[in-house]
Amino acid sequence: MLVVTDMDKTVAFYKNVLGLQVVMDFGANKVLTGGLALQTLDTYREFIGTDDISFGGNHFEIYFEEDEFDKFADNLRNCNVQYVHPVKEHAWGQRVVRFYDPDRHIIEVGENMKTVCKRFIDSGMTPEQTAERMNVPIEYVHACIE
């Protein structure tokens, strides 16, 4: 659950950037597709009994995977988000991008790992080379390409 300062703005952000939809609406609390819950700041203060709530601590993130990562990254450029960092590739080959939501919660969107595996195979790597590059068991590679 994320605490948010402006529910409408946050719902619009997750809808426009990640394609999430509201599946349950309880006013001060909304649940989006994928199970992401949002809670208004005022009601959360009541729940925990303190005003000591901070945003933008950079100590956690919400993670999503995307099958069509290039398309997502291209569309993200039109969404006026503040990036934590642009698209980068991790040592195991997965491409990711991190950015902030309206309350400075970090959102990470990574390339689906099965897609990473297929990308390496399609580039001409053998299953063994792919397993070594991704640092995964060969069985994982075979499961991804079947």
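Tutor: Welcome! Helices (H or I, at least four residues) and strands (E, at least two) are DSSP runs, numbered from the N terminus. After helix α4 comes G124, whose phi is positive, near 110°. Before we go on, note that this is a predicted model: local features need pLDDT of at least 70 and side-chain atom pairs count only at pLDDT 80 or more, while totals for chains, interfaces and linings use all residues. Residues are numbered from 1 along each chain as its sequence is written, and side-chain values use heavy atoms, leaving out hydrogens and water.

Student: In which order do the four strands of the open sheet come?

Tutor: Strands of a sheet pair through backbone hydrogen bonds, either parallel or antiparallel. Here the order is β5-β8-β7-β6, with mixed pairing (two strands pair if DSSP finds at least two bridges between them). At the edges are β5 (61-66) and β6 (82-89), each of which pairs on one side only. From one strand to the next, the twist averages 15°.

Student: In what sense do β7 and β8 pair?

Tutor: Strand β7 (residues 95-100) and strand β8 (residues 106-111) are antiparallel partners, joined over five bridges. To find the pairing on screen, look for V97, which has V109 of β8 opposite.

Student: Which strands does helix α1 lie across?

Tutor: Helix α1 (residues 7-18) lies across β5, β7 and β8 and runs at about 160° to β7. Such angles, from 0 to 180 degrees, are taken between N-to-C directions of axes, lines fitted to C-alpha atoms, for helices over the stretch in contact. Helix α4 (residues 113-122) also packs on the sheet: α4 touches β5, β6, β7 and β8 (contact means heavy atoms within 4.5 Å), and its direction makes about 40° with that of β8.

Student: Which residue caps the N-terminal end of α4?

Tutor: That is N112, with a side-chain oxygen 2.7 Å from the backbone nitrogen of K114.

Student: How many aromatic pairs does the structure hold?

Tutor: Rings of Phe, Tyr and Trp (its six-membered ring) pair if their centres lie within 6.5 Å; planes under 30 degrees apart are stacked, over 60 edge-to-face, the rest tilted. There are two pairs here. F13 and Y14 are edge-to-face, 5.2 Å centre to centre with 85° between the planes. F13 and F99 are tilted, at 6.4 Å and 55°. This second pair links helix α1 to strand β7, with F13 and F99 86 residues apart. F13 and Y14 are both buried, and F99 is buried too. F13, Y14 and F99 form one aromatic cluster.

Student: Is R98 buried or exposed?

Tutor: R98, in strand β7, is buried, with a relative accessible area of 14%. Another polar contact, of 3.0 Å, joins the side chains of R98 and E108. Not counting residues up to four places away in sequence, R98 touches others including Y83, H85 and I107.

Methods: A polar contact is a pair of N or O atoms within 3.5 Å; within protein, one must be able to donate a hydrogen and the other to accept it, and residues adjacent in sequence count only if both atoms are side-chain atoms. Buried means under 20% relative accessible area, exposed over 50%, partly exposed in between (1.4 Å probe, protein chains only).
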